[in-house]
Amino acid sequence: MAAASQKATVGAGCFWCVEAVYEQLPGVTDVVSGYAGGPEKNPTYQQVSAGLTGHAEVVQITFDPDQTSYRELIDYFWKTHDVTDPRGVWPDFGPQYRSIILAHDKAQLAEAKESRREARKDHEKPIVTEIVLLERFYEAEKYHQDFVRRNPDH
């Protein structure tokens, strides 16, 4: 019997780019851009991009655990951006573009922290990625979804 799909939520700068990167990975069945990590309820892109909500731009990845694991997705995360820059992810700086992993449960939280311990071996500077439990994911506005695919010249 096939395993039920699972979700992972990460932020690594502008969600358009993160979405495009994860959509290409084997076992990933869906990637949705959104906001998480802050207290504001029902944030808008204008609020988040202005740094007014505490949220980060993130993607929520749905994956088939028979084809890829949560750990493989998180191990890949460390290679997709500069996880040592506390300003955000170039060229987008500010807390809304911070490096963040939002675990869906305590098992994912432990797995992400163990992955970070392993990733430290590959970085001279300290990793600044925030790892927390996901409280709430807010889907971004429709025009942000599949942005790179719909706007290849952007």
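Predicted model: local features only at pLDDT ≥ 70, side-chain atom pairs only at ≥ 80, totals over all residues.
**View 1. Asp 75 and Arg 71 pair up within helix 3.** Start with helix 3, which covers residues 70–77 and holds both partners. Asp 75 and Arg 71 sit 4 residues apart, about one turn of the helix. The salt bridge between them brings their closest N and O atoms to 2.8 Å. Asp 75 has a relative accessibility of 28%, so this residue counts as partly exposed, between the limits of 20% and 50%.

**View 2. Arg 71 and Asp 75 belong to a network that also includes Glu 111.** Salt bridges link Arg 71, Asp 75 and Glu 111 in a network.

**View 3. Arg 87 meets Asp 85.** Here the closest N and O atoms of the salt bridge are 2.8 Å apart. Is Asp 85 buried or exposed? Asp 85 counts as buried, because its relative accessibility of 14% falls under 20%.

**View 4. Glu 118 and Lys 121 join through their side chains.** Their salt bridge spans 3.0 Å from N to O. Glu 118 is partly exposed, with a relative accessible area of 35%. Lys 121 has a relative accessible area of 64%, which is over 50%, so Lys 121 counts as exposed.

How many salt bridges does the count come to? The count comes to 6, among them the pairs Asp 75 with Arg 71, Arg 87 with Asp 85, and Glu 118 with Lys 121.

Technical notes: Residues numbered from 1 in each chain as written. Heavy atoms only, no water. Salt bridge = Lys/Arg side-chain N within 4 Å of Asp/Glu carboxyl O. Helix = DSSP H or I, 4+ residues; strand = E, 2+ residues; numbered from the N terminus. Buried < 20%, exposed > 50% of the residue type's maximum accessible area, 1.4 Å probe, protein only.
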